[in-house]
Amino acid sequence: MRILLTGGAGFIGSHTAVAMAQNGHEVVLFDNFTNSDPSVLDRLEKILGFRPIFEEGDIRNYAQMLDVLKRYQIEAVVHFAGLKAVGESVEKPLEYFDNNITGTITLLRAMKDANVKRIIFSSSATVYGTPQYLPLDENHPLSVTNPYGRTKLHVEEILKDLCASDPQWSAVCLRYFNPIGAHESGLIGENPRGIPNNLLPYVARVAAGKMKAVRVFGNDYDTPDGTGVRDYIHVVDLAEGHVCAAAYSQTHTGWIAINLGTGTGYSVLDIIHAYEKACGHSIPYEIVARRAGDVASNYANPQRAFELLGWKARYTLDDMCKHSWNFQKNCE
């Protein structure tokens, strides 16, 4: 298939570009470099042996989106392009609604007018809110506590309504848990600008001596070691999930949500200790107060992904940390 990846130069987008290309799909990457870097294209060329097609632009530009969809005869869209920091979304809700919701509506209008009716959407486990039971399956009640999560839920609802209005549409909403790790080559990985919002790039920078200590938010949760437990998934496994979802969209129409997680929870201290093993030295950390809104545990029931997509996570926590450290050593 000819597949457009919006946000294709980002952390998850770039890994999915590799997985898609290596599975025989023709990929077109579209990005405005808000949270990515043009050097990713050079790195992708080294991994793939060819330079992927790239268009720089903004999903809120209808004319450009329509042109790209038609010019490359796109058959399906994998939609990653979105702002994604929870804290920032509380401070800048209008920017999040504009980019994530208005941008998606603009993209969908262009897709409709170009007669491209297959979309795989980068959603999030944040749509489940505070867990009422674990593991989280796709039937768990939906609830959001911040503007970022609200944008994900609203887009899921928009896609559901769109599919209800036209039976030709196929929308697969992939609800990610916590993507970490990097490509085995060490050429692409997670390298956010400024202070990282996510745990693993923070741990990686402390391990590399670029930051002093990992801040652990609370050690008095009802978990085995008192620190928060999350479902961490290797980004390459996540990318493979998109390949499977693209295949599914070729033979299924309508709307569906599918979890992508391992089904296993790891604590913050588990992550730190696994990273110590990967980098070969101790990593300093300090216990600080809990963050408002954090829950004790959160992990997936990934059964639907296995049943419908034939997908299952393969990589271990040690793999995730080893590959992340390999990438961190290549970071400038």
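Modeller: Helices here are DSSP runs of H or I with at least four residues, and strands are E runs of at least two, numbered from the N terminus. The model is predicted. Under that definition, Thr-151 has its place in helix α6.

Colleague: Is Thr-151 buried or exposed?

Modeller: A residue counts as buried under 20% relative accessible area. Thr-151 has a relative accessible area of 1%, so it is buried. Setting aside residues up to four places away in sequence, Thr-151 touches Tyr-96, Phe-97, Asn-100 and Ile-101.

Colleague: Which strands does helix α6 touch as it packs on the sheet?

Modeller: Strands of a sheet pair through backbone hydrogen bonds, either parallel or antiparallel. In this model, seven strands make an open sheet in the order β3-β2-β1-β4-β5-β6-β11, with parallel pairing. The edges are held by β3 (53–56) and β11 (254–260); each has a single partner strand, so one side of each is left without a neighbour in the sheet. From one strand to the next, the twist averages 20°. Helix α6, residues 147–165, packs on this sheet and touches β5, β6 (170–176) and β11. The direction of α6 makes about 155° with that of β5.

Colleague: Across which strands does helix α8 lie?

Modeller: Helix α8 (residues 235–251) lies across β1, β4, β5, β6 and β11. Relative to β6, α8 runs at about 160°.

Colleague: How many bridges join strand β1 to β4?

Modeller: Strand pairing is read from bridges, and two strands pair if DSSP finds at least two between them. Strand β1, residues 2–6, is joined to β4 by four bridges, and the two run parallel. Within this pairing, Leu-4 has Val-77 of β4 as its bridge partner, while Thr-6 has His-79. On to the next strand, β4 pairs with β5 (residues 118–124) over three bridges, again in the parallel sense. There His-79 has Phe-121 as its bridge partner in β5.

Colleague: Which residues of strand β4 are buried on one side and on the other?

Modeller: The faces of a strand can be read separately. In β4, residues 76–79, Ala-76 and Val-78 lie on one side, with Val-77 and His-79 on the other.

Colleague: At what angle do the axes of helix α7 and helix α11 cross?

Modeller: A helix pair is described by the angle between its axes, by its handedness and by the residues in contact. The axes of α7 (residues 199–207) and α11 (residues 317–328) come within 10 Å and cross at roughly 55°. Because of that angle, α7 is oblique to α11. The crossing of α7 and α11 is right-handed. On the α7 side, Leu-200, Ala-204, Arg-205 and Ala-207 make the contact; on the α11 side, Cys-321, Ser-324, Trp-325 and Gln-328 do. Sorted by class, this contact of α7 with α11 holds five nonpolar, two polar and one charged residues.

Colleague: How many residues of α7 are buried, and what covers them?

Modeller: Nine of the nine residues of α7 are buried, and the helix is mostly covered. Among them are Leu-199, Pro-201, Tyr-202, Val-203 and Val-206. The covering elements include β7 (178–180), β8 (214–217), β10 (232–234), α9 (268–279) and α11. After α7 comes Gly-209, with a positive phi near 80°.

Colleague: Which strands form the sheet whose pairing is mixed?

Modeller: That open sheet has three strands, in the order β12-β9-β14. Its edge strands are β12 (266–267) and β14 (297–298), each of which pairs on one side only. Strand β9, residues 229–230, pairs with β12 in the antiparallel sense over two bridges. In β12, Ser-267 is the bridge partner of Val-229.

Terms used: Residues are numbered from 1 along each chain as its sequence is written. This is a predicted model: local features need pLDDT of at least 70, side-chain atom pairs count only at pLDDT 80 or more; totals for chains, interfaces and linings use all residues. Side-chain values use heavy atoms; hydrogens and water are left out. Axes are lines fitted to C-alpha atoms, for helices over the stretch in contact, and angles run from 0 to 180 degrees between N-to-C directions. Angles under 35 degrees count as roughly parallel, over 145 as roughly antiparallel, 65 to 115 as roughly perpendicular and the rest as oblique. A crossing is left-handed if the near helix is turned anticlockwise from the far one by less than a right angle, and right-handed if clockwise. Contact means heavy atoms within 4.5 Å. Ala, Val, Leu, Ile, Met, Phe, Trp, Tyr, Cys and Pro count as nonpolar, Asp, Glu, Lys and Arg as charged, and the others, Gly among them, as polar. Buried means under 20% relative accessible area, exposed over 50%, partly exposed in between (1.4 Å probe, protein chains only).
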